[in-house]
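Visitor: I am new to reading protein models, and I would like to learn how one goes from a picture to a careful description. Could we begin with one residue and then widen the view?

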Amino acid sequence: MAFNLAMYPVSYVAQFNPAAGTWDEQWFQADSITLAELSAMDDAKRAEVYAQRNRFPLPLVNYTTQYALGCFEGMKAYPHKDGSLSIFRPDRNAKRFYDSMKGLYAPPFPEDLYLKASVEFLKRNRELGYVPAYDPAWEKDNFAGASAVYVRPFMYSEGAIGIGSSKAPYVIICGTTVSSYFKGANSKAVITDRIRATPKGTGWIKCASNYVVSSLAKKEAEEAGFMEVIFLDATDRKYIEEGSSCNIFFRLKSGELVTPALGDTILPGITRSSAIDIARGEGVKVTERKISIQEVAKKCVECFVTGTAAGVTPIESVTWKGKEYVFNGRKPGELGAKIQAILKGTQYGSVEDSRGWNLTV
Ligand SMILES: *Cc1c(COP(=O)(O)O)cnc(C)c1O
């Protein structure tokens, strides 16, 4: 798994002060061990350093640990050839984090604080050598194996036991280096009977509780030999919604690129929105609408999923009720590859950032 917990030494911790109406901010620096020093350690010592960085005195019993009232973000910062580092569309993450906290009836974290803290977080860890250096070899496969910094902001409740909503939440930002997310022998997806999100529920915000069903369904899919799981809508049980942690696109025989329209059961992915813009920029007709599994079975010629962790990942087939529907002879489709090349190129700075999506740290 690409997501190990090789935590960076510096984390950001803020807490809302309800009496003052302000956020108390602090930096938590577990140690000053540089990446070079860490790499020279033996495995057991290094593991202890990483574990120590993940220890911070926070209340054990609270709305997050007891009732899953927590939310998070996932952003990446990308090293460029010229030595600079940029975060991809962090203003969108800041807005979504604000919406998620509001959606949980917690005092939302201001977007300007989010952006300032994210940039400062990267600067402080970069000083200790924790940002991967740009490697020209990454260009050979369009950055498929490239490294990036994964930034994980999250909300964590103050101590509490009775059912309620957080009034003095913590916001923490931590990070680690990641490479590609999906690893495995195949890129098959399977439709699950489980329901990820229901109308009037929380599917539209990035909250912890959404991941319970997702994790179970993903585990079942993996045990059955699939890479990813796809959810159908809760009401009609036939419209495609999304993957376990990624949005989904279908290219039809007609040339149209379809992705399920957003509502209160689909997570508004920033990669999704970027892929739509890129495809439209390439002259592709993109439609956000309902698409049934029956229509996919009949008309789809290419499928891919999108997310910060997944990038643009091709799906070779979808299995539904025991029957496998194969796309493009199991080969990655051309459109997904083109979108991926433009997206990754923009993120790593090899393609001009014509839409102003990168924020330089
Ligand atoms: C985070 C997430 C995505 C992808 O969103 P990005 O902003 O593109 O990373 C898609 N679906 C779910 C359920 C998610 O939690």
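Guide: Let us begin with contacts, keeping in mind that this is a predicted model. Once residues up to four places away in sequence are set aside, W23 touches A14, Q15, F16, M101, P107, P108, F109, P110, L113, P169 and V171.

Visitor: In which strand is W23 found, and is W23 buried or exposed?

Guide: W23 is found in strand 2, which covers residues 22–29. To judge burial one compares the relative accessible area with a cut-off, and buried means under 20%. W23 has a relative accessible area of 12%, so W23 is buried.

Visitor: How far apart are W23 and P110 in sequence and in space?

Guide: Here one reads two separations side by side, one along the chain and one through space. W23 and P110 are 87 residues apart in sequence, while their C-alpha atoms are 9.2 Å apart in space, and P110 is among the residues that W23 touches.

Visitor: Which residues touch the most other members of the largest nonpolar core?

Guide: That core has 40 residues, and those that touch the most other members are W23, F97, M101, F109 and L122. Two or more residues each are given to this core by strand 1 (10–17), helix 2 (43–53), strand 3 (75–79), strand 4 (85–88), helix 4 (90–103), helix 5 (111–127), strand 5 (148–156) and strand 6 (170–178). Helix 5 provides the largest share, which is six residues. There is also a second, separate core of 23 residues, and L257, F304, I342 and W357 are included in it.

Visitor: Where is A217 found, and which residues is it in contact with?

Guide: A217 is found in helix 6, residues 210–223, and, leaving aside neighbours within four places in sequence, A217 is in contact with T192, R194, V229 and F231. The relative accessibility of A217 is 2%, so this residue counts as buried. For a separation of another kind, take A217 and F143, which are 74 residues apart in sequence and 29 Å apart in space, C-alpha to C-alpha.

Visitor: Is E295 buried or exposed, and what does E295 touch?

Guide: E295, which lies in helix 8 (residues 293–299), has a relative accessible area of 15% and is therefore buried. Apart from residues up to four places away in sequence, E295 touches L252, R289, K290 and C300. E295 and C71, by comparison, are 224 residues apart in sequence, and their C-alpha atoms are 34 Å apart in space.

Visitor: What share of the residues of the protein count as buried, and what share of contacts join residues at least 24 apart?

Guide: Of the 361 residues, 51% count as buried. Among contacts between residues at least 6 apart in sequence, 70% join residues at least 24 apart. As for the surface, the protein exposes about 16100 Å², and carbon and sulfur atoms supply 53% of that area.

How values were computed:
Residues numbered from 1 in each chain as written. Predicted model: local features only at pLDDT ≥ 70, side-chain atom pairs only at ≥ 80, totals over all residues. Heavy atoms only, no water. Core = buried A, V, L, I, M, F, W, Y, C linked by side-chain atoms within 4.5 Å. Buried < 20%, exposed > 50% of the residue type's maximum accessible area, 1.4 Å probe, protein only. Helix = DSSP H or I, 4+ residues; strand = E, 2+ residues; numbered from the N terminus. Contact = heavy atoms within 4.5 Å. Areas by Shrake-Rupley, 256 points an atom, 1.4 Å probe, with all protein chains shown as cover.
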